[in-house]
Amino acid sequence: MTILCTAALQPLNLLVLVAALFGGLTLTIWWLPLGLAVYVVATWLAMRDPMLTAPPPIPRPRITSPRLRAAISEIERSQREVERAAATAQSALAGLLSTIVNQTRDLLTDAYVMADKGQIIEKYLVANDVQRIDQQITQLDWQISATIDTFTRQQLEERRQALLSQKQHINDLQTYFNRILAQLANIDASLDTTLAEIIRLRTADAVAISSASGAVQTRLADLRRDMEVFRKVLDTAVTGI
């Protein structure tokens, strides 16, 4: 019902409806059924428009980290260049490039998701300094060596072990954060490579176009699969942060 209302209320369709009513009431009666038929057909065609029937896009997370924002901006720039190059291709090549363009859009969406997880990790790393934990561990070592009471010594040792676990967790998250930066840089480089391949495809023959475009699609699909595996690892890593 929502799609029908949206299609029926499009400005061009409403103009047809108004013209049909005006012509039928003021000019000649046969104008009314003819105009209404055109209005119905126009509304039906509008309902089949993919832009109208497609689900609303998922809102992208807001990236506030300067380092991650810079990486995302580069990826967005590269993806826009790919779309511009594909848009100027000949019609025979446009169909093949449309799949590649959609893959680059998906990569951009994946990059946003990854950057969002990265800024969660980054905020945790800023709030939890490894050097401060090392200082606490050193102080506990001194306290343990100077403590005679068995119960007190046990509590201090458990506290020390907890700090060691926290330190290892922070080091692991730092590794994940570095991997995120590397993955985002890899996406940007892959998009730049895709841009060069699209430009080369525009000068290739039909056989070469089919083969090369298939290779590009496979490479982008492989990159997305790798990102999906890494994303699942990140989902586990950021749980509880």
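**Note on the α7/α8 contact**

1. In α7, Val-130, Ile-133, Asp-134, Gln-136, Ile-137, Leu-140, Asp-141, Gln-143, Ile-144 and Ser-145 meet a set of α8 residues: Arg-153, Leu-156, Glu-157, Arg-159, Arg-160, Leu-163, Leu-164, Gln-166, Lys-167, Ile-170 and Asn-171. Contact means heavy atoms within 4.5 Å. By class, the contact residues are nine nonpolar, five polar and seven charged. Nonpolar covers Ala, Val, Leu, Ile, Met, Phe, Trp, Tyr, Cys and Pro; charged covers Asp, Glu, Lys and Arg; the others, Gly among them, are polar.

2. The model is predicted: local features need pLDDT of at least 70, side-chain atom pairs count only at pLDDT 80 or more, and totals for chains, interfaces and linings use all residues. Numbering starts from 1 along each chain as its sequence is written, and side-chain values use heavy atoms, leaving out hydrogens and water.

3. Helix α7 spans residues 130-146 and helix α8 residues 150-201. They pack at about 160°, axes 10 Å apart. That makes α7 roughly antiparallel to α8 (an angle over 145 degrees). Axes are lines fitted to C-alpha atoms over the stretch in contact, and angles run from 0 to 180 degrees between N-to-C directions. The crossing of α7 past α8 is left-handed: the near helix is turned anticlockwise from the far one by less than a right angle.

4. The protein has nine helices and zero strands. Helices are DSSP runs (H or I, at least four residues), as are strands (E, at least two), numbered from the N terminus.

5. Of the 241 residues, 33% are buried (under 20% relative accessible area, 1.4 Å probe, protein chains only). Among contacts with a separation of 6 or more, 77% join residues 24 or more positions apart.

How values were computed:
Parallel < 35°, antiparallel > 145°, perpendicular 65-115°, else oblique. Buried < 20%, exposed > 50% of the residue type's maximum accessible area, 1.4 Å probe, protein only.
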